[in-house]
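Open the model in your viewer and keep the selection tool at hand.

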Amino acid sequence: MANVLVIHGPNLNLLGEREKEIYGEADLVQINSEIKKKALGLGHQIEAFQSNDEGEIVTQIQKAAENYKAIIINPAAFTHYSIAIRDAVAAIKIPVIEVHLSNIYAREEFRQKSIISAVASGVISGFGSQSYLLALEAVNSLIE
Ligand code: DQA
């Protein structure tokens with residue numbers, strides 16, 4: 001049974017073709033398989049999904065608290081304005097690691113503010129697809 005849920009937010013289904021100079025060449029299938037491989041090495045199993053829909057992400061966060069030990073989430077554009085996702089993260093007790101491929105603090109002003117960070121267990125931003133792997137290391141030490 002998977003014990004870590006990985007959530008990819010809006011437009012991340014376009015990775016590998018979308019703004020490659022910022023987000024890199026790898027597509028979501030490749031990134032998910034890297035995450036799966038790393039997770040297995042650490043003795044965890046991940047379930048990953050992508051959604052462009054804020055409500056679906058909120059529902060999955062609520063449900064995850066029953067079935068998973070931790071969440072790794074790249075909320076993508078919702079990072080900057082979704083109070084609903086923030087409230088869902090704040091409502092659950094399992095650790096939630098916020099991840100970004102790009103360094104949001106080095107980008108446009110509107111991206112420099114995350115409204116999720118204050119309720120996340122921690123944030124990893126700016127290491128490309130490696131950010132997800134670093135998040136797994138963090139999860140590993142948090143749920144050991
Ligand atoms: C992102 C950064 C966000 O500002 C942006 O809207 C994304 C991806 C990242 O992974 O760097 O879609 O979360």
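A pocket here is found on a 1 Å grid over the protein atoms alone: an open set of points with protein on both sides within 12 Å along at least five of seven lines, where lining residues have an atom within 4 Å of a point. The model is predicted, so local features need pLDDT of at least 70, side-chain atom pairs count only at pLDDT 80 or more, and totals for chains, interfaces and linings use all residues. Residues are numbered from 1 along each chain as its sequence is written, and side-chain values use heavy atoms, with hydrogens and water left out.

Select Tyr-23, Ala-76, Ala-77, Arg-107 and Arg-111 to begin: of the 16 residues lining the largest pocket, these lie nearest its centre.

Now pick out its polar contacts (pairs of N or O atoms within 3.5 Å). Select His-100: a polar side-chain atom is 2.8 Å from a ligand oxygen. At Arg-111, the distance from a polar side-chain atom to a ligand oxygen is 2.9 Å. At Ala-77, a polar backbone atom lies 3.2 Å from an oxygen of the ligand.

Finally, select the residues around the ligand (a heavy atom within 4 Å), among them Arg-18, Asn-74, His-80 and Ser-102.

Key
A polar contact is a pair of N or O atoms within 3.5 Å; within protein, one must be able to donate a hydrogen and the other to accept it, and residues adjacent in sequence count only if both atoms are side-chain atoms. On a 1 Å grid over the protein atoms alone, a cavity is a set of points where a 1.4 Å probe fits but cannot get out, and a pocket is an open set with protein on both sides within 12 Å along at least five of seven lines; lining residues have an atom within 4 Å of a point.
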